[in-house]
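This briefing describes the fold shown below, topic by topic. Please keep the structure in view while reading.

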Amino acid sequence: MTSRTAFNAQDAAFVQDFRTMSAFGATANGGVDRQAATAPDGEQRRWLTGLLEERGFTVKFDRAGNQWGLCEAVPGAPFVVLGSHMDSQPTAGRYDGAYGVLAAAHAAFRLVAQWNTPGASAPRFNIAVVNWFNEEGSRFKPSMMGSSVYTGKLPLETALATTDAAGISVREALDAIGCRGSYEGPEAAYCAEIHIEQGRSMEREGITIGLVSSNWAANKYEFVVHGEQAHTGSTVIEDRKDALLGASMLVVAARELAKRFPGVLHTSVGQLNVYPNSPVVVPSRVNLLLDLRSADEAVLAEADALLHGRITEIEALANVTVERNHSHSWPVTPYQPEGVELAAKVAADLGLSNKAVMTLAGHDSTNMKDIVPTVMLFVPSVDGISHNEHEYTTDEDIVAGLAMLTEVARRLCNGALED
């Protein structure tokens with residue numbers, strides 16, 4: 001990691017803005033809770049609007065709630081899109097997503113200032129800062145919702161009709177915070193996103209910049225385990241159809257699959273909803289979200305088949321039925337090699353240690369790379385902690401990442417990949 005100890009005025013302003021941004025939805029343990037289209041999310045969006053407008057950017061919200069800060073330096077030209085997301089998980093860290101949005105804004109500020117310098121050459125492309133809506137998927141499923149609508153992977157009306165646990169729709173939630181617009185979004189020529197690694201490999205190796213070359217594949221499921229309500233005290237064990245027992249077996253089965261393919265398969269169950277969730281009632285229904293991830297699609301397919309075979313066994317063992325609903329999937333897909341090469345050249349020119357990495361998590365850039373050449377960058381996460389209030393990346397590394405993103409964006413705007 002970088003050993004830089006002093007920042008220039010632009011760097012200091014960025015770090016101060018990061019501190020200000022982190023106060024929206026702040027939690028007692030140093031994290032944030034600003035799930036999509038909640039009041040804290042609305043507050044930070046209004047703050048970002050002010051920050052962008054102060055620098056002369058035009059701010060628009062599109063129909064899916066994505067927030068755009070636009071600078072049209074070349075009338076009619078497409079845009080280089082920079083950004084990430086500002087929504088969070090419940091009791092989350094300050095850096096996940098939000099760092100990438102603020103870095104995008106400050107990178108754009110620096111570029112526009114350069115373009116406005118007397119005698120400076122005009123860029124070939126315009127620049128847009130984006131705050132994607134509902135990347136996390138904690139309040140509304142699926143994740144990466146805003147970028148999925150923008151890239152045509154998810155119908156707008158399907159997204160707007162999606163409801164949270166309280167029955168509030170995306171449309172209603174966006175309207176409540178004043179963030180559902182009529183804008184279609186800009187025409188993108190290229191895209192770049194910077195993010196924390198959310199792992200520990202870069203920190204352990206002393207690497208400042210991760211050059212993301214590809215994503216892991218993932219299969220995500222929404223399973224519903226159906227049983228039958230009964231009294232927890234009086235009902236004979238053999239007569240029970242315990243949905244929670246069946247769901248628990250699925251949780252264990254997922255972990256056993258990860259152990260079967262050590263290091264190459266990640267599995268998890270991140271959410272359980274138990275009904276009726278009463279202390280004296282055997283649960284009759286459990287909804288759970290289960291996902292499988294791997295960089296090896298053959299391993300993923302084998303694990304998927306094993307999981308579904310295990311479900312049949314669990315139905316018999318727990319005397320339940322399992323409703324199998326596929327949520328969404330994505331394959332292993334590389335980022336454009338020319339973008340990775342461009343980023344490697346920038347890192348070398350800036351003297352920043354770097355290496356090629358894969359992303360295990362989904363990001364909005366994994367959608368964007370399917371429609372335009374996209375550069376994805378990582379900065380280190382201390383101890384690999386993420387989706388946790390103690391998530392942390394040093395000021396030196398977030399500033400180095402900003403310098404990296406700024407130069408990547410400058411070259412993209414100047415047409416470095418046009419040939």
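In this predicted model, four strands form an open, antiparallel sheet in the order β9-β11-β7-β12. Its edge strands are β9 (266–275) and β12 (321–330), each of which pairs on one side only. From one strand to the next the twist averages 15°.

- Strand β7 (residues 217–226) pairs with strand β11 (residues 285–294) in the antiparallel sense, over ten bridges.
- A217 has S294 in β11 as its bridge partner.
- Helix α8 (residues 243–260) packs on this sheet and touches β7, β9, β11 and β12. The direction of α8 makes about 5° with that of β11.
- Helix α9 (residues 297–318) also packs on the sheet, where it touches β7, β11 and β12. The direction of α9 makes about 5° with that of β7.

**Eight-stranded sheet**

- Another open sheet has eight strands, in the order β1-β2-β4-β3-β5-β14-β6-β13, and its pairing is mixed.
- β1 (58–61) and β13 (354–359) stand at the edges with a single partner strand each, so one side of each has no neighbour in the sheet.
- The twist of this sheet averages 25° from one strand to the next.
- Strand β6 (residues 209–215) and strand β14 (residues 374–379) form an antiparallel pair over two bridges.
- Within that pair, L211 stands opposite L377 in β14.
- Helix α10 (residues 337–350) packs on the sheet, touching β6, β13 and β14, and its direction makes about 170° with that of β6.
- Helix α12 (residues 395–413) packs on the sheet as well, in contact with β3 (79–85), β4 (126–132), β5 (188–196), β6 and β14. The direction of α12 makes about 170° with that of β5.

**Helix α3 against α12**

- Helix α3 (residues 98–115) packs with α12 at an angle of about 50°, and their axes are 9 Å apart.
- The two helices α3 and α12 are therefore oblique to each other.
- Their crossing, that of α3 and α12, is right-handed.
- On the α3 side the contact includes Y99, A103, H106, R110 and W115.
- By type, the residues of the contact of α3 with α12 divide into eleven nonpolar, four polar and three charged.

**Helix α1 against α12**

- The axes of helix α1 (residues 9–21) and α12 come within 10 Å and cross at roughly 115°.
- α1 passes α12 in a right-handed crossing.
- D11, F14, V15 and R19 of α1 make this contact with D395, I398, V399 and L402 of α12.
- Five of the residues in the contact of α1 with α12 are nonpolar, none is polar and three are charged.

**Helix α1 against α3**

- α1 also packs with α3, at an angle of about 145° and with the axes 11 Å apart.
- The crossing of α1 and α3 is right-handed.
- From α1 the contact draws on Q10, D11, A13, F14, D17, F18 and M21. From α3 it draws on A98, Y99, L102, A103, H106 and R110.
- The residues of the contact of α1 with α3 divide into eight nonpolar, two polar and three charged.

**Backbone exceptions**

- Most peptide bonds are trans, and most residues other than glycine have a negative phi.
- The peptide bond from K141 to P142 is cis, with omega near 10°. P142 lies in the loop between β4 and α4 (145–150).
- The peptide bond from Y275 to P276 is cis too, with omega near 5°. P276 sits in the loop between β9 and β10 (281–282).
- N134 is a residue other than glycine with a positive phi, near 50°. N134 is in the loop between β4 and α4.

**Whole chain**

- The secondary structure of the protein chain comes to twelve helices and 14 strands.
- Along its principal axes the C-alpha trace spans about 85 × 45 × 40 Å.
- The protein chain has a radius of gyration of 23 Å, which agrees with the value near 22 Å that a compact globule of 419 residues would have.

Methods. Residues are numbered from 1 along each chain as its sequence is written. This is a predicted model: local features need pLDDT of at least 70, side-chain atom pairs count only at pLDDT 80 or more; totals for chains, interfaces and linings use all residues. Side-chain values use heavy atoms; hydrogens and water are left out. Two strands pair if DSSP finds at least two bridges between them. Axes are lines fitted to C-alpha atoms, for helices over the stretch in contact, and angles run from 0 to 180 degrees between N-to-C directions. Contact means heavy atoms within 4.5 Å. Angles under 35 degrees count as roughly parallel, over 145 as roughly antiparallel, 65 to 115 as roughly perpendicular and the rest as oblique. A crossing is left-handed if the near helix is turned anticlockwise from the far one by less than a right angle, and right-handed if clockwise. Ala, Val, Leu, Ile, Met, Phe, Trp, Tyr, Cys and Pro count as nonpolar, Asp, Glu, Lys and Arg as charged, and the others, Gly among them, as polar. The radius of gyration is taken over C-alpha atoms; the globule rule is 2.2 Å times the number of residues to the power 0.38.
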